[in-house]
Amino acid sequence: MNKSLVKFIADFGPLLIFFVVYYNGDKNLIGAIPALVIATLIATVVLYILDKKIPYLPIIGCLLICVFGGLTIFFKNPIFIYLKPTIINIIFAFILIGGKVFFNKNFLKLFFKGSLKMEDMGWNKLTYRWAVFFLFLAVLNEAIWRTQGEEIWVNFKVWGILPLTFIFTAFQIPLIKKYKKNEE
């Protein structure tokens with residue numbers, strides 16, 4: 001199997017498994033969480049087997065899913081899993097902004113330095129855009145889970161956040177092209 005396809009499945013498979021278990025289990029959020037946690041742990045192991053290392057984002061995601069999923073199961077209260085996207089998006093935003101403000105480091109540039117070559121001005125703009133986008137997702141998640149029912153939140157989690165992220169990423173292409181460094 002193609003390595004890129006396996007990585008794609010490892011990234012999005014646990015969320016799809018969660019969605020399928022949720023809908024095949026009488027729309028029971030707490031009952032679907034163990035499948036999400038187990039699938040995420042398996043995906044993390046698969047990523048390690050493929051690359052002999054695990055990138056930071058899957059590690060952070062796995063830890064947060066295990067912690068918040070575990071709290072949801074232990075207390076039989078979905079608030080913990082509802083809060084996970086809010087907390088992770090706020091953490092990402094503050095890491096990006098904090099890195100720039102407090103350490104004069106562009107963590108987005110450090111993270112993508114191997115795949116994108118851009119001028120510093122482009123990296124700075126892209127960093128601030130992503131930080132604002134992460135904060136937007138945090139606020140949106142809060143609005144959805146606090147005003148809508150569980151099923152709407154589950155659908156938003158699966159069919160809302162991913163498309164919004166893909167669309168946002170696509171809108172960054174002109175900025176990336178504008179500030180792309182010419183290879184010499």
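W130 and F134 are both buried (under 20% relative accessible area, with over 50% called exposed and partly exposed in between, using a 1.4 Å probe on protein chains only). This is a predicted model, where local features need pLDDT of at least 70, side-chain atom pairs count only at pLDDT 80 or more, and totals for chains, interfaces and linings use all residues. Residues are numbered from 1 along each chain as its sequence is written, and side-chain values use heavy atoms, leaving out hydrogens and water.

**Aromatic rings**
- The structure holds 17 aromatic pairs (Phe, Tyr or six-membered Trp rings with centres within 6.5 Å; planes under 30 degrees apart are stacked, over 60 edge-to-face, the rest tilted).
- One of them joins W130 and F134, a tilted pair at 5.5 Å centre to centre with 40° between the planes.
- Zooming out, F92, W130, F133, F134, F136 and F168 make up one aromatic cluster.

**Around T72**
- T72 belongs to helix α3 (residues 56-75), and T72 counts as buried because its relative accessibility is 0%.
- The T72 side chain reaches the backbone nitrogen of I81 at 3.0 Å.
- Setting aside neighbours within four places in sequence, T72 is in contact (heavy atoms within 4.5 Å) with I30, I33, N77, P78, F80 and I81.

Notes:
Helices (H or I, at least four residues) and strands (E, at least two) are DSSP runs, numbered from the N terminus. A polar contact is a pair of N or O atoms within 3.5 Å; within protein, one must be able to donate a hydrogen and the other to accept it, and residues adjacent in sequence count only if both atoms are side-chain atoms.
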